[in-house]
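Here is a short tour of one protein model. Keep the sequence and the 3D view open as you read.

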Amino acid sequence: MTKKESDIINCDFQAETAIFEIQSYLGAIEKNSSLFEEKNFDKRIEAIDFIEFQVIGQIEDLLRKTDQLILLKYRAEKVKSELEEIDINLFKTLQANIRTKGYTGKEFQNLVNEYVDFNLDYKEHQDETGYDNLDVFINGLSPLQTMPEQTKDLEPEMVFYQKTPARIVFELVEKAHIVKEDVFFDLGSGLGQVVNLVNLLTGITVKGIEFEPAFCDYARDCAAGLNLHNVTFINVDARKADYSEGTIFFMFTPFKGEMLQEVLEILRKESLLRKIKIITYGPCTAQVALQRWLDFETPYDNNMYKLVMFSSL
Ligand SMILES: C[S@@+](CC[C@H](N)C(=O)[O-])C[C@H]1O[C@@H](n2cnc3c(N)ncnc32)[C@H](O)[C@@H]1O
């Protein structure tokens, strides 16, 4: 523990002890019925003095500290909002640059590296989902900031919206050996972050398949707000989607059980026409790993929060 931390804890402890003392002094005076009998003038004078100089004095001392704390809180809030203002302006500028200058591929990666210090090797060893500064940065680049209301109820095997951590999308792009002819699909694309980010990082054609229309609209608006090219969001149940152009299919556990099996069967049929890659993250990996028509491209050690890549045989 640092000296500052132990000072704060000591200060807290002293304040609590003082409040406890004041409560017991007042309690004792209130309960002492003799003080309320007219004849006990002397005792009463002592009690009044004690209340004035000890009790009220101590309370005023505490209140002075509270005033200082309130001032400190205002100061902290002021400096926090000054720092936040810098980020608001930074993201406005970066969004405008992406929109007008069309940063994609290496240019976009360099732009991110300018502001966020991240190390993929280190992050790879994290064994649970969890968001970090890279997510805060990527969220800041989104022209829309308020999550839309869902308009449809999910069926039992459909999984609710949760964002893939941005570092996982960077890892995907680094390891998937993507070529410019590839067409990337995100099955259950949610608010579109994976799709838009893969497009920004690679410039390839990307498509999001999403059951919830409000999510699809939001994702489209984000892509349009950044003037991204070759990005499409299709509002359709993944069991009914057209995958005929796809070569890489990503799933952050959008559905499970029979629904997942049904979609995997559609993808298996696609794989008879051309070689495809399937990339998974989250609990769905265990079920995908059982498909005999798929080969592991990356090792799988039952860690569901590790990106796993498969290719069709
Ligand atoms: C865990 S989230 C993943 C979101 C997104 N892929 C990401 O990583 O940021 C799962 C998404 O799948 C969508 N979903 C669930 N079942 C679906 C289905 N049958 N067809 C299309 N989308 C579905 C949900 O609405 C939700 O947005």
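Is C222 buried or exposed? C222 is buried, with a relative accessible area of 5%. Keep in mind that this is a predicted model.

Start with the sulfur atoms. Searching the whole structure turns up zero disulfides. C216 takes part in no disulfide, and the nearest cysteine sulfur, in C222, is 12 Å away. A disulfide needs the sulfur atoms within 2.5 Å. C216 is buried too, at a relative accessible area of 0%.

**Around the ligand**

Now turn to the ligand. Which residues come nearest to it? There are 24 residues around the ligand, and T164, D186, G188, E210 and A238 come nearest. The shell splits into 14 nonpolar, six polar and four charged residues.

How much of the ligand does the protein bury? Taken alone, the ligand exposes 600 Å², and the protein buries 99% of that.

Look next at strand β5, residues 277–281, where I278 sits. I278 counts as buried, because its relative accessibility is 0% and the cut-off for buried is under 20%. What does I278 touch, beyond residues up to four places away in sequence? Its contacts include F249, M251, L264, L267 and V288. W293, L294, V308, M309 and F310 are also among them. Take M309 as an example. I278 and M309 are 31 residues apart in sequence, yet their C-alpha atoms are 5.9 Å apart in space.

Strand β7 covers residues 308–312, and S311 is part of it. S311 is buried, with a relative accessible area of 6%. Its side chain makes a polar contact with the side chain of E297, at 3.1 Å. Setting aside neighbours within four places in sequence, S311 is in contact with K275, I276, K277, W293, L294, D295 and E297.

Finish with the helices. Helix α5 spans residues 133–141. Its buried residues include L134, D135, F137, I138, G140 and L141.

An α-helix has 3.6 residues a turn, so residues three or four places apart point the same way.

Helix α6 runs over residues 166–175 and is mostly covered. How many of its ten residues are buried? Eight are. They are A166, R167, I168, V169, F170, E171, L172 and V173. Just after α6 comes H177, with a positive phi of about 50 degrees.

Note on methods
Residues numbered from 1 in each chain as written. Predicted model: local features only at pLDDT ≥ 70, side-chain atom pairs only at ≥ 80, totals over all residues. Heavy atoms only, no water. Helix = DSSP H or I, 4+ residues; strand = E, 2+ residues; numbered from the N terminus. Buried < 20%, exposed > 50% of the residue type's maximum accessible area, 1.4 Å probe, protein only. Polar contact = N/O pair within 3.5 Å; in protein donor to acceptor, adjacent residues only side chain to side chain. Contact = heavy atoms within 4.5 Å. Near = heavy atom within 4 Å. Areas by Shrake-Rupley, 256 points an atom, 1.4 Å probe, with all protein chains shown as cover. Nonpolar A, V, L, I, M, F, W, Y, C, P; charged D, E, K, R; others polar.
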